[in-house]
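Visitor: I would like to learn how to read a few features of a model. Please take me through them one by one.

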Amino acid sequence: MNEIEDENVNRKESPNSSGLVIVSEILPDRLTIIPILQRPIFPGLLMPLTFSGPQYMKTLQQVYNSDKKVLGVVMVKKRNRENFWDSLLYKIGTAVKIYKFAIVDENTVQVIVQGLHRFTRTRVAWKEPILTWKVKYSFDSVIKPSDELKAYTLAIMSSIKELLKLNPIFQEQLKMVVNLISSENPGILIDITSSMLNSSPEKLQDILETFDLISRSKKLLILLKEEIELTHLQEKIEKQIEEKLSKQQKDFFLREQLKIIKKELGLEKDDKSAELEKFQKRIENLKLTTEAAKVINEELDKLKMLEPASPEYNVTRSYLNALTELPWGIYSQDRLNIKIARKILNEDHYGLDDLKIMILELISTIMKKGRVTGSILCLVGPPGVGKTSVGYSIARALDRRFYRFSLGGMRDEAEIKGHRRTYIGAMPGKIIQSLKRTGTANPVIMLDEIDKIGKSFLGDPASALLEVLDPEQNKDFLDHYLDVRFDLSNILFITTANQLDTIPRPLLDRMEVMTISGYILQEKVEIAKRFLIPRQMEQHGLRKKDISITDKALKMLIDQYSREAGVRNLEKQIRKIMRQVTLKHAEGHNKKISVSSRNLKKYLGNPVYKTEKLYSKMIPGVTLGLAWTSLGGTTLYIEASALSAKSAGFKQTGQLGNVMQESSEIAYSYVRSFLSKDDRYKDFFNQNFIHLHVPAGATPKDGPSAGITMALALYSLAVNKPVRKDIALTGELTLTGKILPIGGIKEKTIAARRVGVFELIIPRENQFDYEDLPDYIRKGIKIYYADYFKDVIDYVYNPR
């Protein structure tokens with residue numbers, strides 16, 4: 001390679017004349033530089049280029065207007081994201097001459113350039129206003145190539161011809177290279193071939209930076225081999241895909257031919273005929289109403305007229321599917337046997353005597369009437385008391401199909417009454433879907449969590465349920481999708497809820513409420529022994545010889561680890577014990593494990609609940625009340641304290657709701673008025689600021705039933721006499737001292753037993769509620785009935 005450089009020009013000697021300089025090949029030693037991103041430009045190639053941006057337009061315009069029309073094109077090595085023209089560039093690029101300059105739009109320019117020669121940057125002449133380098137040019141040798149170079153050139157041409165056969169994309173360009181360029185011009189052959197490859201920009205830049213022809217040939221051969229391998233792989237993939245498609249097409253044509261042959265021989269019907277026959281067979285087994293039969297026949301006639309390719313065909317077919325899959329006139333035979341029903345209820349549940357009697361009464365009514373008489377049960381109670389499982393038991397006692405779905409969080413009335421068929425993806429509501437799944441028109445359907453139903457812009461599902469749960473309306477229930485009336489009056493609906501406050505009143509009026517209050521300690525022990533432990537042993541693969549849990553351990557587990565109204569957490573704790581037993585068996589300890597009150601802590605850790613009692617010894621101003629929550633009954637302490645002050649004052653803390661705040665103010669006003677008649681205590685409230693607090697402070701509380709409890713706390717504080725620790729009370733107080741009845745007597749009584757309190761004061765008007773409680777809940781409890789607050793004071797401080 002010959003390199004000739006003087007101060008002003010770089011020149012290339014002609015192979016045909018010694019020492020002469022061709023004027024057209026005189027190149028400036030300072031070049032205007034433009035950066036490019038995609039791939040380098042090689043010498044000897046004429047090509048169009050498009051550039052966008054004001055800097056490109058300005059630079060290219062200036063070079064095109066110059067005498068030489070020559071500039072340098074250099075590939076970017078590391079891009080500057082903030083300013084592209086400050087990007088790091090390679091040192092070696094290609095000098096090109098602009099033959100044509102055309103402005104495409106205000107921001108884009110297109111040029112036709114020809115690569116001339118390689119150059120190397122010697123230094124940066126200046127960066128502003130236009131990037132300019134001082135460069136040194138490199139020219140390929142013009143002497144006759146050596147035998148080694150000829151051999152490389154022939155190898156390159158051979159690879160090009162092989163690539164021609166494999167890749168039709170480059171055929172025209174490579175044919176030109178093979179035909180016009182001989183092995184006598186290896187440099188041009190290498191550069192033009194390199195410019196046509198799909199190799200990475202870095203590999204192409206490496207060839208551009210290789211000045212020695214033999215080294216350049218070696219690198220090009222490697223890239224050609226890679227291109228050939230890639231083309232082979234591409235051809236293999238395309239062949240596999242083509243074979244797969246050909247097989248699929250062949251299978252399709254064969255299946256179509258087989259269909260036609262079977263149809264001609266009468267062995268098979270087309271899809272449309274098969275659908276029509278399917279619907280006709282379904283109709284034969286149904287007892288359709290007049291309205292339903294009319295609609296179905298109309299839709300069948302419509303389906304016969306439609307082509308299977310028509311969009312309306314699928315809509316009609318889906319509608320007929322929904323109509324004919326319903327159990328029109330299909331009823332399961334009820335098992336109307338009171339003895340069997342009682343046995344099933346006792347097998348599935350322990351306790352719940354009131355609920356069992358009600359269910360048996362319902363079954364006996366069905367026996368007399370021959371059908372459900374509009375009773376819609378609403379089972380209300382805290383979580384884990386068995387509301388859902390009662391629904392299963394009722395279905396089993398009647399030998400009916402059972403279907404359950406949750407209403408919790410439901411916000412769209414279409415979930416109940418279906419979507420209108422004008423919408424894409426329309427479908428029937430949950431009620432109609434449940435009939436389709438059960439296959440009978442008289443199943444037991446449980447609507448779970450009816451107190452957690454939502455409401456949104458999509459409608460009010462609770463309002464939609466009014467028609468479903470009204471015995472006078474549901475015999476002609478109209479689903480929006482079906483648009484045909486269906487009789488729901490034979491369905492036994494059962495709903496469940498944790499509380500009644502959030503159920504809309506019109507909906508609640510349509511249901512017969514049955515409260516499941518919770519279980520006392522003895523009931524939970526029996527439930528654990530009869531149901532929970534055997535079920536968990538079965539689920540964990542254990543037998544009676546593997547584990548035993550004593551009654552004392554169960555009582556301790558219930559009282560100190562799973563204090564609740566239901567038994568859900570109790571079962572979780574039993575499951576935890578079973579898992580530890582299975583782990584010991586897996587570790588090789590196969591002896592029977594006995595869980596007692598002594599080693600229960602080993603399996604479950606420290607007790608979660610010590611006691612609900614905060615005070616071992618009562619002090620003036622503290623009383624124990626009874627409260628109802630959605631989780632069952634609980635005990636509630638009321639604390640009052642007095643701070644000396646110049647004037648009277650009163651405040652309450654403990655996250656009290658509006659009703660409870662009013663109750664506390666009534667209690668304060670009444671006790672202050674009551675003691676104002678006693679000379680010993682009449683000045684107490686005038687000289688003290690009273691603070692009433694209800695632990696725990698983080699738990700919101702509300703309701704009127706703590707009225708007499710608050711009043712007694714204030715009275716105890718004022719007279720400085722503590723209340724006995726073994727007594728609890730509940731009741732609403734008026735400004736005149738009258739005690740009004742409250743709810744949740746059963747739950748509150750169970751809560752009192754749970755903490756070992758066996759003396760209760762309740763409103764006299766709740767006497768019948770208390771006397772209706774089962775004997776095992778009332779056993780051992782001393783009850784006082786109070787009409788006025790004076791009665792409370794007598795019972796507390798002057799016990800009979």
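Visitor: Where is Asp483 placed?
Guide: This is a predicted model. Asp483 sits in the loop between strand E13 (477-478) and strand E14 (485-486).

Visitor: What is the phi of Asp483?
Guide: The general idea comes before the case. Most residues other than glycine have a negative phi. For Asp483, phi is near 55°, a positive value in a residue other than glycine.

Visitor: How does Asp483 count by relative accessibility?
Guide: Asp483 counts as partly exposed because its relative accessibility is 47%.

Visitor: What is the phi of Glu449, and where is the residue placed?
Guide: Its phi is near 55°, again positive in a residue other than glycine. Glu449 lies in the loop between strand E12 (444-448) and helix H15 (461-468). With 25% relative accessibility, Glu449 counts as partly exposed.

Visitor: Now peptide bonds. What kind of peptide bond joins Glu128 and Pro129?
Guide: Most peptide bonds are trans. The bond joining Glu128 and Pro129 is cis, with omega at about 0°. Pro129 is found in the loop between strand E8 (108-126) and strand E9 (132-138).

Visitor: Next, Pro186. Is Pro186 buried or exposed?
Guide: Buried means under 20% relative accessible area. Pro186 has 7%, so Pro186 is buried. Pro186 is found in helix H4 (residues 186-195).

Visitor: Which residues is Pro186 in contact with, leaving aside its neighbours within four places in sequence?
Guide: They are Pro145, Leu149, Thr153 and Leu213. Thr108 gives a separation to read: Pro186 and Thr108 are 78 residues apart in sequence, and their C-alpha atoms are 36 Å apart in space.

Visitor: On to helix pairs. At what angle do helix H17 and helix H18 pack?
Guide: Begin with the cut-off: angles of 65 to 115 degrees count as roughly perpendicular. H17 (residues 521-539) and H18 (residues 551-560) pack at about 110°, with their axes 10 Å apart. That makes H17 roughly perpendicular to H18. The crossing of H17 past H18 is right-handed.

Visitor: Which residues meet where H17 packs on H18?
Guide: H17 brings Leu521, Lys524, Val525, Ala528, Lys529 and Ile533. H18 brings Asp551, Leu554, Lys555 and Ile558. By class, this contact of H17 with H18 has six nonpolar, four charged and no polar residues.

Visitor: How do H10 and H11 cross?
Guide: Here the cut-off is over 145 degrees for roughly antiparallel. The axes of H10 (residues 338-348) and H11 (residues 353-369) cross at roughly 155° and come within 10 Å. H10 and H11 are therefore roughly antiparallel to each other. Their crossing is right-handed.

Visitor: Which residues meet in the contact of H10 with H11?
Guide: From H10 come Ile338, Ala341, Arg342, Leu345 and Asn346. From H11 come Lys356, Ile359, Leu360, Ile363, Ser364 and Met367. The residues of this H10 and H11 contact divide into seven nonpolar, two polar and two charged.

Visitor: Finally, the chain as a whole. How many helices and strands are there?
Guide: The protein chain has 26 helices and 27 strands.

Visitor: What is its radius of gyration?
Guide: The chain has 47 Å, whereas a compact globule of 800 residues would have a value near 28 Å. Its C-alpha trace spans about 140 × 95 × 65 Å along the principal axes. Buried residues make up 47% of the 800 residues.

Definitions and conventions. Residues numbered from 1 in each chain as written. Predicted model: local features only at pLDDT ≥ 70, side-chain atom pairs only at ≥ 80, totals over all residues. Heavy atoms only, no water. Axes fitted to C-alpha atoms, helices over the stretch in contact; angles between N-to-C directions. Helix = DSSP H or I, 4+ residues; strand = E, 2+ residues; numbered from the N terminus. Parallel < 35°, antiparallel > 145°, perpendicular 65-115°, else oblique. Left-handed = near helix turned anticlockwise from the far one by under 90°. Contact = heavy atoms within 4.5 Å. Nonpolar A, V, L, I, M, F, W, Y, C, P; charged D, E, K, R; others polar. Buried < 20%, exposed > 50% of the residue type's maximum accessible area, 1.4 Å probe, protein only. Rg over C-alpha atoms; globule rule 2.2 N^0.38 Å.
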